[in-house]
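Visitor: I would like to learn how to look at a protein structure, step by step. Could we go through one together?

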Amino acid sequence: MKTNGAKSSSTATRLPKCPSGIQGLDEITGGGLPRGRPTLVCGGAGCGKTLLAAEFLVRGAAQFDEPGVLMAFEETEKELTANVASLGFDLDGLVRRKKIVIDYVHIERSEVQESGEYDLEGLFVRLGHAIDSIGAKRVVLDTIEVLFASLPNEAILRSELRRLFRWLKDKGVTAVITAERGRESLTRHGLEEYVSDCVILLDHRVNDQIATRHLRVVKYRGALHGTNEFPFLIGADGISVLPITSLSLNHKVSGERIATGIPRLDAMLGGKGFFRGSSILLTGTPGTGKTIISANFAQAAARRGERVLFFSFEESPDQITRNMHSIGLRLEPLVKSGLLRFHSARPSLYGLEMHLATMFKEITEFKPHVVIIDPITSLMDSGTDSEGKGMVTRLIDFLKANQVTSLFTSLTQGGHALQQSETAMSSLMDAWVLLQDFEGNGERNRVLYVLKARGMAHSNQIREFLISDRGIDVVDAYIGASGVLTGSARAAQFSLEKAAVLASQQEAAQLKREVERKRGALERQIGDLRSDYEAEAMELRRIAEQVGTRTFVLGTERAASGILRQADLKVAANTQSKPKPGGST
Amino acid sequence: MKKTTVRRKVAVSKRKPSKIWQLRLYITDQTPKSRMAFANLKTLCETHLKDRYRITVVDLLKQPQLAKGDQILAVPTVVRKLPSPMRTVIGNLSDTERVLVGLDLRWSAQSR
């Protein structure tokens, strides 16, 4: 211990790191394990200690050109090779190429008798020989604690182990020492006393019948490191740790909009659909069509040539494709073309963390543009509320960082009340579309509305949506005095209205005809009156003419008779001029 | 055996070769501990296996590759190669009683 302390203070400037190559671990530790120092990996049975150590060694040899020595105290070379082969590591090949040396150390207590003083120089010699034979940079001791069971003299063993770790440091190799978890201490035999530079704790615990593996860096002398517990999984290609609690909110955003596959829904969202990279929540009671809208969204994206990853926690891929086929959505060609990928798993299959880890892995591999999670609620039910929220936060965080558009469906338990978890979750979402059932007139109809859509103008209208064998159709719901009418009530209301309109149209036409008729009558009357008047006026003229003529004739006659009677000429001249106007009229 | 650098044929009996005990002593360097172990072993053999034993001393510093074969961790270690089964005693062999038990020497010597 004293030497350890002295060493680390002398190299206080900056600790060189040795990348482990294990996915995620290097991120947590800020670059890897402390180079040239021993690291203790402790944990209970079956939590992956040996695997972590083996992967450290294999990756070192294969990726970083750092040969390694594996000193196995528990498993033979053959067993080890077989065990790690299942994870895609070719230990045999590396051994053949002299990249890795495996030394199986085994002592049977019953075969060994102790007599007098001894030391473990033999172990040193073996290890030294193995290191020198391939120029190893990495050493794994798995699990050296076994010696406590094999060698009776603990005092000697302890002092020798202390010497061994110091010796490893002097050799300049980066060592990983695995140890069994103790009841009250980190390790059963207190190895943490000797290895003080870096301690990693692995844990495999069962919560609510679901087991999840966790990794925690307990100690890392002289370096910043993530102190949280990180879930990790052992997959087909080794260990992957998920440093997923990075909650920095600095992801880039896109102004690009993507269509939902339902034109009317796009129209409700400012005519263009959702933002790329946004998180969308789709909530609804059972049977409101959440999966259908999701599938529509998936199809639209895949048809644009984008990759879509569909996580289904309730239905198998075949079931979804079959069901969607019934409404005219053909997903199989998209699956075949590799644009659409399904990932189905029961929520109870494993813990929340494991689910998250699997999803991360899938997403990292497939690099989708759109991710659909159907439904998120059943997944969240496999953990507590806070766990669930934490998980969604991390998932959204991760998706947003990768500019992946995500659609989450969420099941509400009937009625109109939104669940607590949902309300909590909604604050993480950029857009929230609500699906609802309307009951009335002995039928159930679906409506949808946009509850929120950050950063875009969106419709405040409730729309009815119909599911037919041709897909989804969104129509205006009827909003009248008696509230929102949907389904046949809406249809009935429409025909009622139509009839009313028709009736009033007919009435107007009738009225128009009546008026026309009246106008005709009026005009005829006017014509009659006018002709009457004209007739009378003509009569009047005729009479006037007659009078004029008569007067003239009378005058002429009088003049003539005057001439005849030789009356004075003046009178005769006056009377002669008078009838002239009368005659002219 | 042929490779061993330090070989001391202390005594060879004229009886059946199978009855000869083959013992191998692993040491690192000529430390006081190793010397003591060798001395103790020799004394024991002289007492119980007179003329029926052969001790081979292996210095692991010179032949580190031999450590793996007999699963040597502790030094000094004496391994009874013959008669089988293999028995191992670790330490400087100062506790005679334990060595006799460990190598199954007393019983074999008596039952002869």
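Visitor: Which residues does Leu33(A) touch, not counting residues up to four places away in sequence?

Guide: Before we start, keep in mind that this is a predicted model. Leu33(A) touches Lys17(A), Cys18(A), Ser20(A), Thr39(A), Thr174(A) and Cys198(A). Leu33(A) itself belongs to strand β2 of chain A, residues 33-34.

Visitor: Is Leu33(A) buried or exposed?

Guide: Here we count neighbours: a residue is called buried if 20 or more other C-beta atoms lie within 10 Å of its own. Leu33(A) has 28 other C-beta atoms within 10 Å, so Leu33(A) is buried.

Visitor: Now the helices, please. How many residues does helix α1 of chain B have, and what span does it reach?

Guide: α1(B), residues 32-48, has 17 residues. From its first C-alpha to its last it reaches 24 Å, close to the 24 Å expected at 1.5 Å a residue.

Visitor: Which residues of α1(B) are buried, and where do they lie around the helix?

Guide: The general idea comes first. An α-helix has 3.6 residues a turn, so residues three or four places apart point the same way. In this case the buried residues are Lys33(B), Ser34(B), Ala37(B), Phe38(B), Asn40(B), Leu41(B) and Cys45(B). Looking down the axis of α1(B), you find its buried residues within an arc of 165 degrees, so they line one face of the helix. Pro32(B), Thr43(B) and Thr47(B), on the other side of α1(B), are exposed.

Visitor: What do the buried residues of α1(B) pack against?

Guide: They pack against three strands of chain B: β2 (21-27), β3 (53-59) and β4 (77-82). Of the seven residues in β3(B), six are buried. β2(B) and β3(B) run parallel and are joined by seven bridges, with Leu23(B) opposite Ile55(B) in β3(B). The chain passes from β2(B) through α1(B) to β3(B), making a right-handed β-α-β crossover.

Visitor: And the two chains: how many residues of chain A are in contact with chain B?

Guide: 22 residues of chain A are in contact with 29 residues of chain B. On the chain A side, β6 (112-114) and α6 (121-134) are the elements that give two or more residues, and α6(A) gives the most, with seven. By type, the chain A side divides into eight nonpolar, seven polar and seven charged residues.

Visitor: Which strand of chain B is joined to β6(A)?

Guide: Three bridges join β6(A) to β5(B), residues 87-90, and these strands run parallel. Gln113(A) has Val89(B) as its bridge partner in β5(B).

Technical notes:
Residues numbered from 1 in each chain as written. Chains lettered and ligands numbered in written order. Predicted model: local features only at pLDDT ≥ 70, side-chain atom pairs only at ≥ 80, totals over all residues. Helix = DSSP H or I, 4+ residues; strand = E, 2+ residues; numbered from the N terminus. Buried ≥ 20, exposed ≤ 12 C-beta atoms within 10 Å, placed from the backbone. Contact = placed C-beta atoms within 7 Å. Nonpolar A, V, L, I, M, F, W, Y, C, P; charged D, E, K, R; others polar. Pairing = 2+ DSSP bridges. Expected span 1.5 Å × (residues − 1). Arc of directions from axis to C-beta. Right-handed = clockwise from strand over helix to strand, strands pointing away.
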